[in-house]
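Here is a report on selected local features of one protein chain. Look at the sequence and the structure, then read on.

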Amino acid sequence: MEKKPVKIVTIGGGSSYTPELMEGFIKRYDELPIKEIWLVDIEAGKEKLEIVGAMAQRMWDASPYDVKVHLTLDRREALKDADFVTTQFRVGLLNARIKDERIPFSYGMLGQETNGAGGIFKAFRTIPVILSIVEDMKELCPNAWLVNFTNPSGMVTEAVMKYGKWDRVIGLCNVPVGAMMAEPETIGTTLDKLIYKFAGLNHFHWHRVFDLDGTDVTGKIIDAMYEGKDSGIPANIHDIPFFKEQLKQMNLIPCGYHRYYYRQQEMLAHGLEEYNGIGTRGQQVKQTEAELFELYKDPNLNYKPEQLTKRGGTHYSDAACETIASIYANKNTHLVVTTKNNGAVPDLPADCAVEVSAHIGSAGALAIAFGPLEPAQRGWLQCMKNMELCVEEAAVTGDYGLALQAFILNPQIPSGENAKRVLDELLIAHKKHLPQFADKIAELEAAGVTVKDEIARDLD
C-alpha cells in the first residue's frame, strides 16, 4: 500500500540546529517523501526563524525535491493534520540557559543545562509548554508522532507520557549516535559489524558492545579510549578521562555526561574556571550561534556549514530523521531512544521512561531488554530516576517543597542552605516562565530575595 506524502512540523524552527534537520530529511527523501515542512517559533524568535527558514528553503531548492518550507508564529495553524511533530525549543532562549549556569556557579555548584540545578529549571520551564503542545496535537493531529529533542529530553518525554497521556512520543539524543559513529573505528571495525546495547536515562546511560559472533568487545573499546582514540564525546563536554579501573570493573561504557558524576570534582573546577574567565558554555554558545546566523544570512549558502558542529548537536539528524523514517517505513531500525521501560531495565518501574536500545517501526519504539544492573550502577540509576520524577511532578504542580526535594536528591547540588538559595534565586530569575510557582515567587520577592550573580541578574 502506497503511503501518503508526509507533513512535518518543527516547534522551535528558528533554532540554529534546523539546517542539520533539513540535511537529514533531504538525505532520506527516497524513503520519507515529505510534502511540506512547517517551522514554528515565537515572536521573540521571529528574526531567527526568517533567517533559518530562508536557508532551509534554499537547501531544499538545491536538492532534486520539490518541498515547501512554511514559516509561522501560529502553532495551531502548523499542527493541523501533521504526521510528525519535532520539538527543539528553548523556553527563555539562551539567556535562560546562562542563568541556569551562572546562578549555581555563583554558589560553587555545577551550572549545566541538563545536569544539576540548571537541568531541573530547564525542565520546570519546558514541561508545561510541551504539555500545551500535546493538548493542541490531541485536537489538530491526533494520529501524529511527537519526536522530542528538547532538553532535558528524558524528563520532557516522560512528562508527555505521564501527564500528557500521549503515548505516540519518542525522546531523542545525539549522544548515543556519536558513540556508535566513533567507537567502531577505535578497534578497527565498522558499526555494521557490532551489536550495541544501551540502558539508562537520557544523559545518564551506559552501553555494552558485542561483535557478530556474540563476543563482548566492550573491554577492547575501553582500552582504546586510553590510547588517545576518539570515542565520540560531545563537543560541549570537557574531556576529563574516566578512571579506567572503574570502567573495566563494570565492563560498561558510560555516556559523556557521566563525567559530571564520576569526575565531579574536576568537571566542577573546569566549569568554575570558565565561569570566572571566558564565560559559561551558554555564553560561549551564544557567540557561536551569532556567528552561525551571520552565515545563514548568506543568500548563496544552501548547505549545512561545518561550524554547526561546535554547537554540540552533531548527528542530531541521524537521530531525529532516522526515527521518523523508521516509523514511516516500518524499518525496525536499531536506535537509542527514550521510551517507556516495559521491563527493559528491570531495576526501574515498568511505566517510567528510560533511554535504551529499541527497534523503531510503525508501532513506535519496542525497547530491547538489557537486564539488571550491578549495585553501583543500579544505585545511581534509581537515585536519578526518582529525582527526575520529583522534578516532573513539581513542574506540573508548582509544589515548592517537591522542587526542594529534587534539589536535595540531585547529586550535583550539595544539600543545605545554599541549595535553597540557588532554588530561590533561579525562581526569581525565571519568574516570567514559571507561572506554576507564581505564589512562591511573590513570597520570595516580598522577602527581598534577589539574584546574586550580576550577569544573570541583568539578563532579560
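## Ground rules

Contact, or touching, means heavy atoms within 4.5 Å. The model is predicted: local features need pLDDT of at least 70, side-chain atom pairs count only at pLDDT 80 or more, and totals for chains, interfaces and linings use all residues. Residues are numbered from 1 along each chain as its sequence is written, and side-chain values use heavy atoms, with hydrogens and water left out.

Helices (H or I, at least four residues) and strands (E, at least two) are DSSP runs, numbered from the N terminus. Buried means under 20% relative accessible area, exposed means over 50%, and partly exposed lies in between (1.4 Å probe, protein chains only).

## The annotated binding site

An unreviewed UniProt entry places the feature "binding site" at Arg 97 and Asn 151. The two span 55 residues in sequence, yet no two of their C-alpha atoms are more than 11.1 Å apart, so they gather at one spot. UniProt positions are given here in the numbering of this report, with feature names shortened, and annotations may be inferred rather than shown by experiment.

Arg 97 sits in helix H4 (residues 93-105). It is buried, at 4% relative accessible area. Asn 151 lies in the loop between E5 and H6. Asn 151 also counts as buried, at 17%. Setting aside residues up to four places away in sequence, Asn 151 touches Glu 113, Thr 114, Lys 122, Thr 126, Val 156, Asn 202 and His 203.

## Backbone exceptions

Which peptide bond is cis, from Asn 151 to which residue? The partner is Pro 152, and omega is near -10°. Pro 152 is in the loop between strand E5 (145-148) and helix H6 (153-162).

His 203, one of the contacts of Asn 151, has a positive phi of about 60° although it is not a glycine. His 203 lies in the loop between strand E7 (194-201) and strand E8 (204-211). Its relative accessible area is 5%, so it is buried. Asn 332 is not a glycine either, and its phi is positive at about 55°. Asn 332 belongs to the loop between helix H13 (316-329) and strand E10 (333-340). With a relative accessible area of 41%, Asn 332 is partly exposed.

How many of the 10 residues of H6 are buried? Nine are, so H6 is largely enclosed by the rest of the structure. The buried residues are Ser 153, Gly 154, Met 155, Val 156, Thr 157, Glu 158, Ala 159, Val 160 and Met 161. Their cover includes helix H5 (116-140), E5, strand E6 (169-171), E10, strand E11 (353-361) and H14. Val 160 of H6 has a relative accessible area of 1%. Leaving aside neighbours within four places in sequence, Val 160 is in contact with Ile 130, Leu 131, Val 134, Leu 146, Lys 165, Trp 166 and Val 169.

The axes of H6 and helix H14 (residues 375-397) come within 10 Å and cross at roughly 60°. The two helices are therefore oblique to each other. Met 155, Glu 158 and Lys 162 of H6 meet Lys 385, Glu 388, Leu 389, Val 391 and Glu 392 of H14. By class, that contact has three nonpolar, no polar and five charged residues. Axes are lines fitted to C-alpha atoms, for helices over the stretch in contact, and angles run from 0 to 180 degrees between N-to-C directions. Angles under 35 degrees count as roughly parallel, over 145 as roughly antiparallel, 65 to 115 as roughly perpendicular and the rest as oblique. For classes, Ala, Val, Leu, Ile, Met, Phe, Trp, Tyr, Cys and Pro are nonpolar, Asp, Glu, Lys and Arg are charged, and the others, Gly among them, are polar.

## Helix H16

Leu 426 lies in helix H16 (residues 417-429). At 0% relative accessibility, Leu 426 counts as buried. Beyond residues up to four places away in sequence, Leu 426 touches Lys 99, Asp 100, Ile 103, Pro 104, Ala 117, Phe 121, Phe 407 and Leu 434.

The axes of H16 and helix H17 (residues 438-446) come within 10 Å and cross at roughly 105°. That makes H16 roughly perpendicular to H17. Asp 424, Leu 427 and Ile 428 of H16 make the contact with Lys 440, Ile 441, Leu 444 and Glu 445 of H17. By class, there are four nonpolar, no polar and three charged residues in it.
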